[in-house]
Amino acid sequence: RLDEGAYVHGLFVEGACWGEADDRAHDYDCDGVKCSGVLCDSKPKELLPALPLIFVKAVIVQPSWDPSSVGYLRPEPSLYNCPVYTTTFRGPTFIFVATLRTTKP
């Protein structure tokens with residue numbers, strides 16, 4: 001059982017994929033939760049690949065983050081600020097910004 005956060009499944013990503021989860025170089029610890037993998041370029045002919053089980057946790061906004069119309073964006077080159085929607089229709093279905101690790105800024 002987690003003290004904070006939740007594991008979420010059923011998410012898809014458009015124009016990218018979650019890869020290299022088997023490569024131990026991309027393992028990291030997120031407040032005691034072991035995580036792995038990075039956001040990669042999409043594979044040919046894969047329009048909406050499924051993401052693996054994702055650990056989601058609310059965090060306290062830091063002064064170095066940039067305020068925007070969709071929330072606070074983290075200006076770190078190893079993170080991609082990914083908008084999360086309830087459907088593939090953008091707009092009023094926006095929920096939050098997920099910060100996903102990436103090797104390409």
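Thr93 is buried, at a relative accessible area of 15%; buried means under 20%, exposed over 50%, and partly exposed in between, with a 1.4 Å probe and protein chains only. This is a predicted model, in which local features need pLDDT of at least 70 and side-chain atom pairs count only at pLDDT 80 or more, while totals for chains, interfaces and linings use all residues. Residues are numbered from 1 along each chain as its sequence is written, and side-chain values use heavy atoms, with hydrogens and water left out.

Thr93 sits in the loop that links strand 9 (79–85) and strand 10 (94–101). Strands here are DSSP runs of E, at least two residues in length, numbered from the N terminus. A polar atom of the Thr93 side chain lies 2.4 Å from the backbone oxygen of Phe89. Apart from neighbours within four places in sequence, Thr93 is in contact with Val84, Tyr85, Thr86 and Thr87, where contact means heavy atoms within 4.5 Å.

Gln62 belongs to another loop, between strand 6 (54–56) and strand 7 (66–68). With 38% relative accessibility, Gln62 counts as partly exposed. Ala6 is 56 residues from Gln62 along the chain, and their C-alpha atoms are 21 Å apart.

Now to strand 2. In a regular strand the side chains alternate between the two faces of the sheet. Strand 2 (residues 16–19) is covered on both faces: Ala16 and Trp18 are buried on one side, and Cys17 and Gly19 are buried on the other. Strand 2 runs antiparallel to strand 5 (residues 38–41), and four bridges join them; two strands pair if DSSP finds at least two bridges between them.

Terms used:
A polar contact is a pair of N or O atoms within 3.5 Å; within protein, one must be able to donate a hydrogen and the other to accept it, and residues adjacent in sequence count only if both atoms are side-chain atoms.
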